[in-house]
Amino acid sequence: MKAFQNVTAYIDGKGLKKCSIGFSETIEKIGKVSRYAETIALPENAIVLPGFIDQHIHGAGGSDGMDGTVEDISVIAKTIASEGTTTFLVTTMTQSPENITKAMKAVKEYRAASHKEGARVAGIHLEGPFIAAAHKGAQPLEYVKEPDIAAFDGYNATSGGAIKIVTLAPEVPNAEAFIKHLTEKGIVSSIGHTGAKFADIEKAIEVGASNVTHTYNAQTALHHREIGTVGSAMLLDDLNCELIADTIHVSVPAMRLLVKNKPVDKVSLITDAMRAKGLPDGESELGGQKVFVKGGEARLADGTLAGSVLRMNRAVENMVTKVGVPFTQAVDYATINPARMLKIDKETGSIKVGKRADFTVINDKYDVILTVRDGEIIYKA
């Protein structure tokens, strides 16, 4: 058994507490742990948190999920371990059927190999192609298509049943039947890249939609005569809201407005990061489109935001220091909330006996000191 001895940790149901944690692949003991355990030394200012979970990330370290290779998924997994992420969804984008199929195959192959290095791949977030053309954001228009159950089933079969979330526009033709189909399969329907109005959102929830993709971005804004997707996201407690807390995609006042209107268990921090994360500023690529990264912003040539280069530990920091969210609540946004959305909260998302030994260890400046997945160190500063 390994152990963190006499550390400050965020314990499920008890908050921040000084204690020891004994673990192997799973958490075995919280409280006093035998001094004969293999102690992992931490500095005085260390705080042990559950491992972060990123349900919406495209790439990092120069690789993208759409590159469609095991090697590229491995690069992403290793890169994001440095920001405390222990679990993520490989996120695709609107592209040709051939390219999406290639990405599905790579995820299936990667998961079948049970890679131990880097963050765990819990599945796929299929972002597109079933979106609204007018709200495509940085996604290529030529590949946008109406919801297609047969096409989706083909992708899911190719992935080995790995698709966990599908971003879609609920107002487009065939969307209602498509959402019902996803719901029957236990897959999350996420409202995004959409021109949906309040009535569209209500119908979508009735048939099973439960998530909003990168709230505020690429969707209808709040208006006093039609509250649109953004207003619906804030009003309706059935919806979990993804949030890119980089202060670029969403302003600090907008983030404050969202958290003021959502239950504490209905916000999930995401990075929506693209391949340029972890690399110096300069030219990059997203879905065959040139992206220019400067000062923490990633944009297409026309100025459209093209994903982010946000690190999850900095997203948590921004929620606390800029938005004013209590520390443990901000941590929940990056851990147990996405775990519940992905239905993996029985195995990860909080520090509790019996759960996976997934930990993020930060210091008082939110720097990641150590990342542990299944009891093994996958990153050390």
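**Buried strands and aromatic pairs**

At 0% relative accessibility, Phe178 counts as buried (under 20% relative accessible area; over 50% is exposed, partly exposed in between; 1.4 Å probe, protein chains only). The model is predicted: local features need pLDDT of at least 70, side-chain atom pairs count only at pLDDT 80 or more, and totals for chains, interfaces and linings use all residues. Residues are numbered from 1 along each chain as its sequence is written, and side-chain values use heavy atoms, without hydrogens and water.

Phe130 is also buried, at 0% relative accessible area. The ring centres of Phe130 and Phe178 lie 5.0 Å apart with planes at 65°, so this pair is edge-to-face (centres within 6.5 Å make a pair; planes under 30 degrees apart are stacked, over 60 edge-to-face, the rest tilted; rings are those of Phe, Tyr and Trp, the last by its six-membered ring). Phe130 sits in the loop between β10 (120-127) and α3 (149-158), and Phe178 in helix α4, so parts 48 residues apart in sequence are tied together (helices, H or I, have at least four residues and strands, E, at least two, as DSSP runs numbered from the N terminus).

Helix α4 (residues 175-184) links β11 to β12 in a right-handed β-α-β crossover (clockwise from the first strand over the helix to the second, with the strands pointing away from the viewer). Strands β11 (residues 163-168) and β12 pair in the parallel sense over four bridges (at least two DSSP bridges make a pair). Val166 stands opposite Ser189 in β12.

Both faces of β12 (residues 188-191) are covered. Val188 and Ser190 are buried on one side, Ser189 and Ile191 on the other.
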